[in-house]
Amino acid sequence: LIAFQGCRIIGLLSNFERDKYGNELRDRLARHGALETVTRAMGAHLVSPRVLAMGCIALQAMADGHANHTQTVLNLGGAEVVSWVLLHQGTQNVKIAEYCTAAVASLSYVPTGSQRLGSAGVIEGIAASMLAFPESVDLQIYGCASFQRLAANPSNRGLIQESKKGIPAIVQAVKTYRDHATILTVCGALIGMGPDNALPPGAG
């Protein structure tokens with residue numbers, strides 16, 4: 001309960017009126033060890049869906065667009081923790097899938113994060129989660145956004161091409177949500193990237 005509430009509060013404070021406070025609240029939380037606390041809480045509660053979901057919310061909120069916080073999370077092993085969670089829990093709980101895939105989108109914004117996440121197997125975790133919960137619009141958007149950022153790394157592009165679930169997950173999202181502008185834009189761009197990008201031509 002303490003770990004769950006702690007991660008939840010850190011996530012809420014990180015996003016609180018960011019337009020007004022900018023990075024002030026996030027930086028104050030980081031100075032008091034919030035990133036270390038969340039990462040350790042997740043590692044210590046790998047069988048607790050609530051802690052894992054709230055932990056991913058907190059990591060996403062703290063790292064989103066903040067290079068220093070992102071690097072701190074990576075230094076703490078956050079990429080590997082989030083990847084493990086998606087690989088082992090992503091198909092079991094839609095909230096874990098949504099929130100942890102959103103965290104991947106934030107952590108993969110920097111090249112080091114993209115490389116670490118890809119090496120930890122996150123591509124398979126995202127793809128399996130997208131296929132398991134096709135009804136989650138947020139998950140399809142976060143998943144394709146993550147794939148776009150991960151694909152900036154050549155090794156990850158190869159992993160997406162070779163994945164048995166990656167291309168089907170993207171195509172499923174596009175076919176399921178033909179009238180959803182955001183999904184068509186984010187996921188559709190992946191299908192049309194071509195051989196030098198994430199996916200081969202004709203994947204759709």
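## A helix-by-helix tour

Start by selecting Lys 175, which lies in helix α13 (residues 166–176). Helices here are DSSP runs of H or I with at least four residues, and strands are runs of E with at least two, numbered from the N terminus.

Before moving on, please note that this is a predicted model, in which local features need pLDDT of at least 70, side-chain atom pairs count only at pLDDT 80 or more, and totals for chains, interfaces and linings use all residues. Residues are numbered from 1 along each chain as its sequence is written, and side-chain values use heavy atoms, leaving out hydrogens and water.

**Stop 1**

**Stop 2: α11 across α13**

Show helix α11 (residues 137–150) together with α13: their axes come within 10 Å and cross at roughly 130 degrees. Axes are lines fitted to C-alpha atoms, for helices over the stretch in contact, and angles run from 0 to 180 degrees between N-to-C directions. The two helices are therefore oblique to each other; angles under 35 degrees count as roughly parallel, over 145 as roughly antiparallel, 65 to 115 as roughly perpendicular, and the rest as oblique.

Which residues make the contact? Select Gln 140, Cys 144 and Phe 147 on α11, with Gly 166, Ala 169, Ile 170 and Ala 173 on α13. Contact means heavy atoms within 4.5 Å.

Stay on α11 and pick Ser 146. With a relative accessible area of 0%, Ser 146 is buried. Leaving aside residues up to four places away in sequence, Ser 146 touches Thr 101, Val 104, Ala 105, Ser 108 and Ile 126.

**Stop 3: Helix α12**

Next, select α12 (residues 154–162), where Asn 156, Gly 158 and Ile 160 are buried. What do the buried residues of α12 pack against? Their partners are α9 (111–119), α10 (122–132), α11 and α13. At the start of α12, zoom in on Asn 153: one of its side-chain oxygens reaches to within 2.8 Å of the backbone nitrogen of Ser 155.

**Stop 4: Two residues of α7**

Move to helix α7 (residues 78–89) and highlight Ser 83. Ser 83 counts as buried because its relative accessibility is 0%. A polar atom of the Ser 83 side chain lies 2.8 Å from the backbone oxygen of Ala 79. Residues up to four places away in sequence not counted, Ser 83 touches Leu 117, Ala 120 and Val 122.

Val 81 also lies in α7. At a relative accessible area of 17%, Val 81 is buried. Val 81 touches Thr 39 and Met 42, not counting residues up to four places away in sequence.

**Last stop: α1 beside α5**

Finally, display helix α1 (residues 2–15) and helix α5 (residues 49–63), which pack at an angle of about 25 degrees with axes 8 Å apart. They are therefore roughly parallel to each other. Residues to highlight in this contact include Phe 4 and Ile 10 of α1, and Met 54 and Ile 57 of α5.

Conventions: Buried means under 20% relative accessible area, exposed over 50%, partly exposed in between (1.4 Å probe, protein chains only). A polar contact is a pair of N or O atoms within 3.5 Å; within protein, one must be able to donate a hydrogen and the other to accept it, and residues adjacent in sequence count only if both atoms are side-chain atoms.
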